[in-house]
Every structure is written in structure tokens, then in C-alpha cells.
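Look at the fold as a whole before you look at any single residue.

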Amino acid sequence: MKLVITCEHGGNTIPPEYQSFFTDTDLLHSHRGYDLGALDVFQYLKPIADYTNYSTTSRLLIELNRSLGHKNLYSEFTKDLPNIEKHKIVANYYANYRTEVIDYIDTNIKNNESIIHVSIHSFTPQLHSVVRHCDIGLLFDSRKSNEKQFVIALKDNIKNIDPNYRVRFNYPYLGKADGFTTALRTQFPNNYIGIEIEINQSFCVDNKMPDTIKTVLKESILKFKA
């Protein structure tokens, strides 16, 4: 088994040639610009993985967790750019990232390895006046028995280490909705498990998640490598 850990929304960087479109720096530093604290968790988990990849390009330039052609691939700041500019953004900041991950998974599955892919994200504690009652969300495709078994065991691991964390399945988003892991499930129907871990940003201080939650996640995932 090979453990792959990725982070699609690790930062809010805007390349220099597009910075004139992003004058609202407050927005870039909000949950819309990136997943606060996600890169910190990714870096903490990185040593236990067989392969890792992350991006610090803001999701407001292009959404790495959406498929090409998705209505939310581009934000309101980039959706009206000329097609030639969109193609450049795809080539330089989208395709390179996803292709590197895909190539690693493809090579190892062809070598009869099984892949567990954990994609690290975070979510705003309140959206459109709705408070989200969850600390850690585990997103998966409930139609896949191997993913269901994995997240049940992962939740048990987390709760056994610290029962105080509120852990929910497919919350605050559905794991089968459009995303990188969803696309990879289609591309690799066998020997691939793709899970998104969503962490409540209420824990985040100065773009850092507490060591307690990082340790719980690390120890919970490590049990699958024992």
C-alpha cells in the first residue's frame, strides 16, 4: 500500500501577471482564497507519506479541486479572461499539478500497488449564516465499499485517540461531488481509495492548526501502515 497525501488549496498566491485582477487582499486571505491551516496539517503529515504534492496557488485563480469544464473552475476574477489566458493558467497551474499526482498513482497501480490518497482541506465554520457543527469531516464515496470501510476505521481511530472531536461523514460536502479524488476514482476504479479530510477552520490560529489535532490525524492514519 502506498500512502499519497495532497493539498490542493494550500495557499493564496497569485502569479504576478494576474495580480492586477485581485485588488481585494482581504478576500484572498479569507476561506475563499485558500484553505486556512490545510498546508500546516499537510506539512505535519508529509513524513508519513510515500508521495506528496501541494499547491499554494489561490483557488481564486483556478480551482484545482474541480474538473475542467466545471462552472466553478474559474472565479469571478478569471472567468471572463480570454481563452488563451485561461489555457495558460490551466497549463501552468492546473495540469502540471494534477498530472504529477496522476502519474505517481498510475505507475504504482500498474506495479500492483494499492493507493490510499488523503487530500487535506479545511472549511469555514460558518457559511451563509449556517453554523457547521463538525470538527473533522471525512469525505468519501459511499458506493465504494473499500472507501466506506476505510473511513469507518479512520473515524474509530480518531475517536479512540480523542473522543471529543466531532467527526462526520461526507460533511460539510459530499465526497462524491466533483473533485480531484472523484475524478481519480473514475480513472482508477481498482486499487485506489480517495478520501478528503476537512478540518474546521475555527481551530486555526495564524494559519496554523493545533498540534493536538495534527497528532490525532497522524496517529490515526499511521495505524493503516502498521
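A residue counts as buried when its relative accessible area is under 20%, as exposed when that area is over 50%, and as partly exposed in between, using a 1.4 Å probe and protein chains only. Helices (H or I, at least four residues) and strands (E, at least two) are DSSP runs, numbered from the N terminus. This is a predicted model, in which local features need pLDDT of at least 70 and side-chain atom pairs count only at pLDDT 80 or more, while totals for chains, interfaces and linings use all residues. Residues are numbered from 1 along each chain as its sequence is written, and side-chain values use heavy atoms, with hydrogens and water left out.

Start with helix α2, residues 38–45. Six of its eight residues are buried, so the rest of the structure largely encloses this helix. Those buried residues are A38, L39, D40, V41, F42 and L45. What covers them? The cover includes strands β1, β2, β3 and β8 and helix α6. Here, contact means heavy atoms within 4.5 Å.

Now turn to the sheet. Two strands pair if DSSP finds at least two bridges between them. Six strands form an open sheet, in the order β2-β1-β3-β8-β6-β7, with mixed pairing. Its edge strands are β2 (51–54) and β7 (167–169), and each of them pairs on one side only. On average, neighbouring strands are turned by 20° against each other, direction ignored. Axes are lines fitted to C-alpha atoms, for helices over the stretch in contact, and angles run from 0 to 180 degrees between N-to-C directions. Helix α6 (residues 211–222) packs on this sheet and touches β1, β3 (115–123), β6 (136–139) and β8 (192–200). The direction of α6 makes about 165° with that of β8.

Strand β1 covers residues 2–7. Is β1 mostly covered or mostly open? Five of its six residues are buried, so β1 is mostly covered. Four bridges join β1 to β2, and the two run parallel. In this pairing I5 stands opposite T52, and C7 stands opposite Y54. Five bridges join β1 to β3, again running parallel. There, K2 stands opposite I115.

Next come the charges. Side chains of opposite charge can pair when their charged atoms come close. A salt bridge is a side-chain nitrogen of Lys or Arg within 4 Å of a carboxyl oxygen of Asp or Glu. The structure holds twelve of them. One joins R59 to D35, with the closest N and O atoms 2.6 Å apart. This pair links distant parts of the chain: R59 is in the loop between β2 and α3 (83–110), and D35 is in the loop between α1 (25–28) and α2, 24 residues apart. D35 counts as buried because its relative accessibility is 3%. R59 also meets E63 in a salt bridge, at 3.3 Å from N to O. E63 has 7% relative accessibility, so E63 is buried too.

Another salt bridge brings together D135 and R166, at 2.9 Å from N to O. D135 lies in the loop between β5 (130–131) and β6, and R166 in the loop between α4 and β7, so the pair ties together parts 31 residues apart in sequence. D135 is buried, at 7% relative accessible area, whereas R166 is partly exposed, at 39%. Salt bridges also link D40, K208, D211 and K214 in a network.
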